[in-house]
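Subject: Structure for you to look at

Dear colleague,

Here is the structure I said I would pass on. My notes on it follow below.

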Amino acid sequence: MSKPMLKMTTAFADVMPAEYVELVQNGPFGKGYGVADLGSFKELIEEHPLCAGCGLALAVRLIMASLPTPEDTVVVGSTGCSSLAFPQIALQNIHSLFGNQNAVASGLKRALKLRFPDKHKDVLVVAGDGATADIGLDMVMHSWFRGEKLATIMLDNEAYANTGGQESGMSPEGCVLNMAPTGKKFKKIALPEIARESGCAYVASVTPVQPRKLEKAVRRAILVAREVGPTYVQIFVPCPTNFKFKPQETLAKAKQKEKDQTYPLREFITPEAQAYLAALEGGGKHD
Ligand SMILES: Cc1ncc(C[n+]2csc(CCOP(=O)(O)OP(=O)(O)O)c2C)c(N)n1
Ligand SMILES: [Mg+2]
């Protein structure tokens, strides 16, 4: 995709769906919008079939509003709750087989580099905690070892939510779920630390409680992945359905975990990535 391709063919203007016309006229393409502009432009995702109060849906909305250049971005997703939302995103996106997302994204990024050597084509992996830290962990880590220039975002609801509530490696120790009735027997996987040690140039963990922080992490991850190396952002996305709290309590749950440090906000940046970001962010709109 590129900006010229987003111009409507005038001969078709009278038969195009109103939603599409609005996207062309008032979408975020080429505009440099961010989360502070939400409400003033046509968003890349406006509807989803996920549960009421879904923290993951909120995070996807914020991620989509944080993309530096959506017109040159491809999202690679994986099976899970988020895969129900991907078809609603007005962006190039690929659904990969569960766990394969970083392998698919690696091939795609390399192909885009060959096809568009002079352009930044951002490849963004967005997948659940089960897909990222369990079943896809080998593909995820090997993409980091190889230094693939991808941004990987985990939507961490601390469970296999889509399949009715099994524990994942990211569930906290002792966590009781529908299909983990006696409680999880080992600790939450320290994936941010693993990412840092595995070659990621930028790593952050955030929650949707502070949208500007989330935006900053997503933008930094995408920008650093353009030039420096792989990046990883872990977003805590509370799940009312599997953790059995009221939909309106989602943000309070995330806030509580930020506060009591059971989901500490962190950022690791290599010196090389820091220098690159400092050069880019000097006076930037969304830093
Ligand atoms: C190869 C493969 N194994 C297992 C499944 C079954 N499956 C579908 S979604 C899912 C859990 C996804 O968990 P997570 O990645 O955390 O996403 P969530 O649903 O929590 O958003 C599983 C095990 C599958 N679809 N494909
Ligand atoms: Mg999950």
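A helix axis here is a line fitted to the C-alpha atoms over the stretch in contact, and the angle between two axes is taken between their N-to-C directions, from 0 to 180 degrees. Please keep in mind that this is a predicted model.

On that basis, helix α4 (residues 101-115) and helix α6 (residues 137-145) have axes that come within 7 Å and cross at roughly 35°. The α4 side of the contact consists of N102, A103 and S106, which meet M139, V140 and S143 of α6. By class, the residues of this contact are 3 nonpolar, 3 polar and no charged.

Next, the strands. Strand β1 (residues 73-77) has 4 of its 5 residues buried, so the rest of the structure largely encloses it. β1 runs parallel to strand β3 (residues 122-128), with 5 bridges joining the two; V75 stands opposite L124 of β3. β1 also pairs with strand β2 (residues 92-95), again in the parallel sense, over 4 bridges. There, V76 has I94 of β2 as its bridge partner.

Last, the ligand. Around ligand 1 there are 20 residues, of which G80, G128, G130, A161 and N162 come nearest. The largest share, 3 residues, comes from α5. Sorted by class, the shell around ligand 1 holds 9 nonpolar, 10 polar and 1 charged residues.

Regards

Key:
Residues are numbered from 1 along each chain as its sequence is written. Chains are lettered from A and ligands numbered from 1 in the order in which they are written. This is a predicted model: local features need pLDDT of at least 70, side-chain atom pairs count only at pLDDT 80 or more; totals for chains, interfaces and linings use all residues. Two residues are in contact if their C-beta atoms, placed from the backbone, lie within 7 Å. Ala, Val, Leu, Ile, Met, Phe, Trp, Tyr, Cys and Pro count as nonpolar, Asp, Glu, Lys and Arg as charged, and the others, Gly among them, as polar. A residue is near a molecule or strand if its C-beta atom, placed from the backbone, lies within 6 Å of it. A residue is buried if 20 or more other C-beta atoms lie within 10 Å of its own, exposed if 12 or fewer, and partly exposed in between; C-beta atoms are placed from the backbone. Two strands pair if DSSP finds at least two bridges between them.
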